[in-house]
Amino acid sequence: MRAYKITDESDLRRVRLYDARASCLTYLANNGVPDHLLAMWAGHSNVKTTKRWYVKPGVADLLPAAEAWGGLAGGV
């Protein structure tokens with residue numbers, strides 16, 4: 001594959017293209033890009049496909065939700 005050849009020739013770490021795509025879409029989602037634009041960017045006709053397979057929240061992404069829950073639960 002051409003992308004892997006370029007990374008090898010450039011002495012860069014090889015990353016699976018699927019993972020790079022998911023990272024890009026996750027980054028865009030976490031920075032406010034609307035779901036319908038993410039789907040268009042990914043070439044999907046269904047937003048659910050993009051959200052299910054490509055947008056992968058990490059632990060740091062979940063912290064605001066955990067903090068909100070702590071406030072709702074009385075700090076428990």
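Which backbone oxygen does the side chain of Thr-7 reach? The side chain of Thr-7 reaches the backbone oxygen of Tyr-4, at 2.9 Å. The model is predicted, and the points below are grouped by topic.

- Thr-7 belongs to helix H1, which comprises residues 2-9.
- With a relative accessible area of 17%, Thr-7 is buried, because buried means under 20%.
- Leaving aside residues up to four places away in sequence, Thr-7 touches Leu-12, Arg-13 and Arg-14.

- Leu-38, Ala-39 and Ala-42 are buried in helix H3, residues 35-42.
- In general, an α-helix has 3.6 residues a turn, so residues three or four places apart point the same way.
- Met-40 and Trp-41, on the other side of H3, are exposed.
- The cover over the buried residues of H3 includes helix H2 (17-30) and helix H4 (47-53).

**The aromatic pair**
- There is one aromatic pair in the structure.
- The ring centres of Tyr-18 and Tyr-54 are 5.3 Å apart and the planes stand at 45 degrees, so the pair is tilted.
- Tyr-18 is in helix H2 and Tyr-54 is in the loop between H4 and helix H5 (59-72), so the pair ties together parts 36 residues apart in sequence.
- Tyr-18 is partly exposed, at 33% relative accessible area, whereas Tyr-54 is buried, at 14%.
- Over the ring of Tyr-54 sits the charged end of Arg-21, 4.6 Å from the ring centre.

Technical notes
Residues numbered from 1 in each chain as written. Predicted model: local features only at pLDDT ≥ 70, side-chain atom pairs only at ≥ 80, totals over all residues. Heavy atoms only, no water. Helix = DSSP H or I, 4+ residues; strand = E, 2+ residues; numbered from the N terminus. Buried < 20%, exposed > 50% of the residue type's maximum accessible area, 1.4 Å probe, protein only. Polar contact = N/O pair within 3.5 Å; in protein donor to acceptor, adjacent residues only side chain to side chain. Contact = heavy atoms within 4.5 Å. Phe/Tyr/Trp six-rings, centres within 6.5 Å; stacked < 30°, edge-to-face > 60°. Lys NZ or Arg CZ within 6 Å of the ring centre and 35° of its normal.
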